[in-house]
Amino acid sequence: MLEARNVSKTYGRTKALAEVSLEIAEGEIVAVTGPSGAGKSTLMHCLAGVVRPESGEVVLDGRRIDTLVEAELTALRRESFGIVFQFGELVPELTAAENVALPLLFNRRDRREAMATAAEWLARLNVSDCADQRIGELSGGQRQRVAVARALVTGPRVVFADEPTGSLDSTGGEQVLRALLDTARADRTAVVMVTHDNRVAAYADREIVLRDGAVPAGAPR
Amino acid sequence: MSTGHVLLGLLVERPKHGYELKKEHDHRLAGAKPLPYGQVYATLQRLERDGFAEVSGTRQEGGPERTVYSITDGGRTELERWLNTVEPPAPYVTSPLFSRVAVAGTAADGFLMRQREAHLARMRELTAQKASDVPAQVLAADYALQHLDADLRWIETALARMKEDDLA
Amino acid sequence: MIDVLRMLNRGRSRPERVRAWLVMAGAGVATFLLCTAVSLVDVRDDGASLTGLGLALLALPVAGLVHQANRLASATRERRLAALRLAGATPGDVRRLGALEGGGLALAGSLAGAAGYVLTHLSGPLPQVPVVLLLMTAAGAVSGLRAGRQVIASPLGVVRRARVPGPRVRDLVVAVSGAALIAWGAVVRAGFPIAGPYGMALVMTVGMVLLLVGVTMAATWLIRAYAVRAGARARSPEALLAARLVEANPRAWARALSVVGLAVFFGAASGAQQAATGYWQAHALVDVALLLALVAAAAALVVHQAEELIDLRRSFAALAAAGVPERSLGGVLVRQAVITSLPVCAVAAVSGVAVVVASAIDIYQVGWLGWAAGRALVMTGVGVLTAVLVALAARPLLRGALRLETLRGG
């Protein structure tokens, strides 16, 4: 469904990605691992259409997305992808429910309807109590759950997660991870998670190892 | 003699017969190798010989008649001593994984990649087991996962060091 | 202490050097304007006095700009001060350092400004020059002292966006005492007990500063109340975001908009007066001063906008990555400008007209109200437009803030 074909990307003089190819099937949960500086985040950003590769193609459902004009690409990210950032990156001035409703509002849905959907998602992720609290009042785990709800609320085809447990202690991190993956599995949403933690990678159906911007020979892809 | 100590620990709650002890051992130590039935009786006899346990009667529940064992005061003292003994922190590196790499040197590269795969596959299984939410199983899976993770991280370091040596 | 300051100065970053130049330039211009304003005050000539008032008015936004500039690159400064605290500096040391730096810059700038005034006004009057110099230096020291106050409280206190304290009664007291000083100066005029007309000008200037500060702080209430309302009614995500962002930090907006509000207030007041009586020439000068004040106000708003974008960049970059178009985020900035400037300008315009009409209620004719209302409306529009234009001009800054690198490496 989502495919990278010989994708390369350079930042300054460092080659972040060199001819990386891979394919992700519908509803599949994939972990991208490797030592820091291996190009994990760059690969995720290329797949998510946040960064354009210098060469190679990124294809979603048979359609090349790396050549789309910025407006189309932005709309595609909004409608087909969800992103969970390492530190949540929620808007601190909004309440938890408003943060979750935000992507729906940007899809021009009615405010009342968007807030109702947001409430459902918060309930699904067990953080209904936090709905009317500002982000600053939430614990790290609650924040990450709200971030997961925000990424899933539009019903995306793929959710990208950058070190989804990065800022959490171990058991809290596991709970968030399971919440993300269980919901994604139930909705047949594909998940691409970037992580340096093998125990997080073990939650995936499949692992893609990156080393120095490439999938090393003999490694699974 | 740690199997004996585990059995003593299980006997503290109440007197039990051999089959009961085997079942509880396998349940509580979910990730460990299951205890062979024969070893249960051999261990119990040794405990009896050392004065840590004694036969306190027989019980029949539908099946054959079973001998019930209970813990003695000496057994309690011994259990207490064992529980409070600090485990010596791995004085020697003993792992087939380590030995193989130490012998193969830089040639272990391909092997390590395959070993990584195997480790991760096992970690995936263990992670799936954790979904059961049975506390003993989760505890055992966590233990195994963290040890496998340590292996994996060592493999990563080993690969990186080999690359450095290649460049040097 | 001076040695430490010198050591720190050698290691300054580019934005910090920009801040130093801005503070010095601002202090210089403000000094020049204030000295000139005082020289124009003439009890026998209301026209010249009005012009002087206009110039003094112009000095205020410039001084405000100095204060804004002192907050530039505050993140760098806070990190530096925190490091000093951890290295064993006492709160007193840090406070002194801040005051020395701010005061030093202001002194250097206003010396240049004073020199400019003296050279152009060799025939005098000169007695106000040392007073203005002293005032500017003191103001610079206070501003520098306040800039490091979060770090003084806790060495690790790199400020998180804490809840902004609400408006306080103190603000109203400041505003009222300012108004009282102005009224005193206006009523007593030439018969002023200390230093005659100069004393009066000084008292009125101090009164104006107090009034401005008090009213600015009181505007925090107004802005927050309006933002809460706007947030509850918002239909678009842009409006919702804008309202909530303002609601979380109305004080910074009140500060940035104070000069806009002041310009609108005086614009509306002078409009109401124009409808009644002459002084066309003086009024024209005041209008020019107002226009320049708006330019200075815009500069203060730009500084504020830049500061705000630094705060927002992580959440905005995340939104952009999640597919929110840059256009929408730009829309948030514009809506913020409207949500904050509309209530401030409207209230300022209405009170500007009200002050004039109330002071001349016995002679004011209903027919003049049309012109006065028209001027008030125009001034409100101009004020809001200024804020909106600044928000539109901030687009390149926004684009820079949305770069994904923002989110890398935590």
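The points below concern the sheets of chains A and B, and the helices lying on them, in a predicted model.

1. Residues are numbered from 1 along each chain as its sequence is written, while chains are lettered from A and ligands numbered from 1 in the order in which they are written. Local features in this predicted model need pLDDT of at least 70 and side-chain atom pairs count only at pLDDT 80 or more, whereas totals for chains, interfaces and linings use all residues.

2. Chain A holds an open sheet of 5 strands in the order 6-7-8-3-9, with parallel pairing (strands, E, at least two residues, and helices, H or I, at least four, are DSSP runs numbered from the N terminus; two strands pair if DSSP finds at least two bridges between them). Its edges are strand 6 (81-84) and strand 9 (206-209), each of which pairs on one side only, and the twist from one strand to the next averages 20°.

3. Strand 3 (residues 29-33) of chain A runs parallel to strand 9 of chain A and is joined to it by 4 bridges, with A:Ile208 of strand 9 as the bridge partner of A:Val32.

4. Helix 5 (residues 140-152) of chain A lies across strand 6 and strand 7 (158-162), running at about 170° to strand 6 (axes are lines fitted to C-alpha atoms, for helices over the stretch in contact, and angles run from 0 to 180 degrees between N-to-C directions; contact requires C-beta atoms, placed from the backbone, within 7 Å).

5. In chain B, an open sheet of 3 strands has the order 1-3-2 with antiparallel pairing. Strand 1 (16-17) and strand 2 (53-60) each have a single partner strand, so one side of each is left without a neighbour in the sheet.

6. Strand 1 of chain B is joined by 2 bridges to the antiparallel strand 3 (residues 65-71) of chain B, where B:Val68 stands opposite B:His17. Helix 3 (residues 37-50) of chain B packs on this sheet, touching strand 2 and strand 3, and its direction makes about 135° with that of strand 2.

Technical notes:
Two residues are in contact if their C-beta atoms, placed from the backbone, lie within 7 Å.
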